[in-house]
Amino acid sequence: MPRPPAPPYRGEPEHAMWHYSEDPSLSRFAPHVPATNPTAPPLVWAVDTRHAPMFWFPRDCPRGCVWPAPATSPADRERFFGQTAATRLHVMESAWLSRMRSCRLYAYQLPAATFRQHEVGGYWVSEEPVEATGRLELDDLLARHAEAGFELRITPSIWPFWHQVTRSTLDFSGSRLHNATPAPGRPGA
């Protein structure tokens, strides 16, 4: 069963399926096996509007996105969100700041008809090829975070934060963490 969705954000558009890329020339999306999971079946992956902000980063940028869930303890809510009015906290490493500032993303809208919800909340998959029905160009990703009402934290290393998050009662999503600065005492972590 999928986890509960992340909280809504300021200016959130209607529910839709999206694929984010720095490539402006995409139009057709064919099922593929992810390089990180060679035993998985070939699928087309999409993210829904509610969870799309997890992709408002350069593709390879390591990031952690967290939000309170119904099961989040009062102590964790206070520890992570007690000093902010934001309902989501996104964290990235300072080494990626210049790429974040210059990144131009393309959000490809995909037709929802062939997609089914994946067990990981916010993700959707299709076994069939799909054609994009539209494309939005996104720049100024820092402003996009601010306009959505998120707290974007920029830190030298994501690991101290991430190790705390994964032991908490928050819901979270981490992406491209293998590209993060190695954690102290954990080579290549």
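The sulfur of Cys61 lies 8.9 Å from the closest cysteine sulfur, that of Cys103, which is too far for a bond. For Cys65, the closest cysteine sulfur is in Cys61 at 9.4 Å, again too far for a bond. The structure accordingly holds zero disulfides, a disulfide being a pair of cysteine sulfur atoms within 2.5 Å. Cys61 is buried at 0% relative accessibility, and Cys65 is buried with a relative accessible area of 1%. Here buried means under 20% relative accessible area, exposed means over 50%, and partly exposed lies in between (1.4 Å probe, protein chains only).

The model is predicted, with local features requiring pLDDT of at least 70 and side-chain atom pairs counted only at pLDDT 80 or more, while totals for chains, interfaces and linings use all residues. Residues are numbered from 1 along each chain as its sequence is written, and side-chain values use heavy atoms, with hydrogens and water left out.

A search of the whole structure finds eight salt bridges, each defined as a side-chain nitrogen of Lys or Arg within 4 Å of a carboxyl oxygen of Asp or Glu. One of them joins Arg176 to Asp60, with the closest N and O atoms 3.7 Å apart. Arg176 is in the segment after β12 (171–175) and Asp60 is in the loop between β3 (44–48) and β4 (63–67), so this pair ties together parts that are 116 residues apart in sequence. Helices (H or I, at least four residues) and strands (E, at least two) are DSSP runs, numbered from the N terminus. Both partners are partly exposed, Arg176 at 24% relative accessibility and Asp60 at 39%.

Arg104 and Glu137 also meet in a salt bridge, at 2.3 Å from N to O. Arg104 is in the loop between α2 (97–102) and β6 (105–110), and Glu137 is in strand β10 (residues 134–138), 33 residues apart. Arg104 is partly exposed at 38%, as is Glu137 at 43%. Arg104 forms a further salt bridge with Asp139, where the closest N and O atoms are 3.9 Å apart. Asp139 lies in the loop between β10 and α3 (141–148), so its pairing with Arg104 ties together parts 35 residues apart in sequence. Asp139 is partly exposed, at 41% relative accessibility. Through shared partners, these salt bridges join Arg104, Glu137 and Asp139 into one network.

Pockets were identified on a 1 Å grid over the protein atoms alone, a pocket being an open set of points with protein on both sides within 12 Å along at least five of seven lines, and lining residues having an atom within 4 Å of a point. Grid points are joined across faces, edges and corners, and a volume is the space filled by probe spheres set on the points.

The largest pocket holds about 1,100 Å³ of space. Its lining comprises 33 residues, of which Trp45, Phe55, Arg59, Tyr123 and Arg176 lie nearest the centre. The elements giving two or more residues to this lining are β1 (17–21), β2 (28–29), β3 and β12. By class, the lining has 18 nonpolar, ten polar and five charged residues, with Ala, Val, Leu, Ile, Met, Phe, Trp, Tyr, Cys and Pro counted as nonpolar, Asp, Glu, Lys and Arg as charged, and the others, Gly among them, as polar.

The second largest pocket has a volume of about 230 Å³. It is lined by 15 residues, with Tyr9, Gly11, Pro13, Trp56 and Arg144 nearest its centre. At least two lining residues come from each of β1, β10 and α3, and α3 gives the most, with three. The lining of the second largest pocket has ten nonpolar, two polar and three charged residues.

Definitions and conventions: 1 Å grid on protein atoms, 1.4 Å probe; cavity = no way out; pocket = protein on both sides within 12 Å on 5 of 7 lines; lining within 4 Å.
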